[in-house]
Amino acid sequence: MRLVFAGTPAPAVPTLERLVAGQHEVVGVVTRPPAPLGRKRVLTPSPVAQAAERLGLPVIDAARLDDRATAAIAALEPDLGVIVAYGGLVREPLLSLPGHGWINLHFSLLPAWRGAAPVQRALIAGDAATGASVFQLVAELDAGDVFATVQRAVAAGETAGELLDALATTGAELTAGVVDAIASGTAIATPQAGDPTFAPKLTIDDARLDWSQPTASVDARFRGVTPEPGAFTEVGGARLKVLGARPFDGRANLDAGVVRAEGKHLLVGTADGAVELLRVQPAGRTAMGAADWWRGLGVDEVVAR
């Protein structure tokens, strides 16, 4: 079959690479245009665009799948569209343009966590397991019939970035299997069962750590927003990024939000215990060990908000 692939961030790259290595022809790649990155805001091609260039594939830069993008995709005469975290909606007539329509690799066990941030929202909610689903794209958000799923437990301490990397690899194999089944005429899709939950895109407000919550909830939010948008708290009115943290398994007698060194551990009190800070980044400075930051403050305790 002739495949057109749409995706933008790094977690979409393993699926693109797996499809290129398979028995079908990837005739084009659709991705969002270069975006300004870093302190100098340098325009940088998306990870998918970089992978496509390395693989020698033609690229269609499209901020949205409008008439121009639809015409460019139509010219490729695809039999099937495959989409992984492109970052935009596929509407008619593009939705029905390929002979087999579009399939989507989504990083949740649908109908759980439909939307832009399924892995992050699953971790914040404290889900013990998650996975990936390949489904037939339809007009309604992430609501199509499901061809295949893969499930895995959430490991202790696993961040959204780590979990997404793992699901991107297993999801690539899952997607390739579905593509093969569609080509052979053996693919079977099943309607989603159960009530959906939704995973809207995270904002910076989602990344603030609330020390008045129990330790498990604080840890779940930290892991869910790491590395993006990046957990933070405020100390002395200045933002402090929290790059590394874990629940403290010892005894701690700290009020919620109080930061204090206990032996070799730098702790922040929660509703029912404490979280240990491991690595932080103060505003306007580089990342550093939490102990180094604390020594620089030269105080016995502070309050994080």
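Arg 260 and Glu 262 pair up in a salt bridge, with their closest N and O atoms 3.1 Å apart; the term here covers a side-chain nitrogen of Lys or Arg within 4 Å of a carboxyl oxygen of Asp or Glu. Keep in mind that this is a predicted model, where local features need pLDDT of at least 70, side-chain atom pairs count only at pLDDT 80 or more, and totals for chains, interfaces and linings use all residues. Residues are numbered from 1 along each chain as its sequence is written, and side-chain values use heavy atoms, leaving out hydrogens and water.

Back to that pair. Arg 260 counts as partly exposed because its relative accessibility is 23%, and Glu 262 is partly exposed too, at 31%. (Buried is under 20% relative accessible area, exposed is over 50%, and partly exposed lies in between, with a 1.4 Å probe and protein chains only.) Glu 301 joins Arg 260 and Glu 262 in a network of salt bridges.

The chain's count comes to twelve salt bridges. One of them joins the side chains of Arg 208 and Glu 234, at 3.3 Å from N to O. This pair links distant parts of the chain, 26 residues apart: Arg 208 sits in the loop between helix 5 and helix 6 (215-224), and Glu 234 in strand 10 (residues 232-235). Arg 208 is partly exposed at 34% relative accessibility, and so is Glu 234 at 26%.

Then there's Arg 295 with Asp 292, whose side chains meet in a salt bridge at 2.2 Å, N to O. They are three residues apart in helix 7 (residues 290-297), so about one helical turn separates them. An α-helix has 3.6 residues a turn, so residues three or four places apart point the same way. Arg 295 is exposed, with a relative accessible area of 58%, while Asp 292 is partly exposed at 42%.

The chain has seven helices and 16 strands, taken as DSSP runs numbered from the N terminus (H or I, at least four residues, for helices; E, at least two, for strands). Helix 5 (residues 160-184) has 25 residues and should span 36 Å at 1.5 Å a residue, which agrees with the 35 Å between its end C-alpha atoms; the expected span is 1.5 Å times one less than the number of residues. Just after helix 5, Gly 185 takes a positive phi of about 80 degrees.

Zooming out, the C-alpha trace spans about 65 × 45 × 30 Å along its principal axes, and 48% of the 305 residues count as buried.
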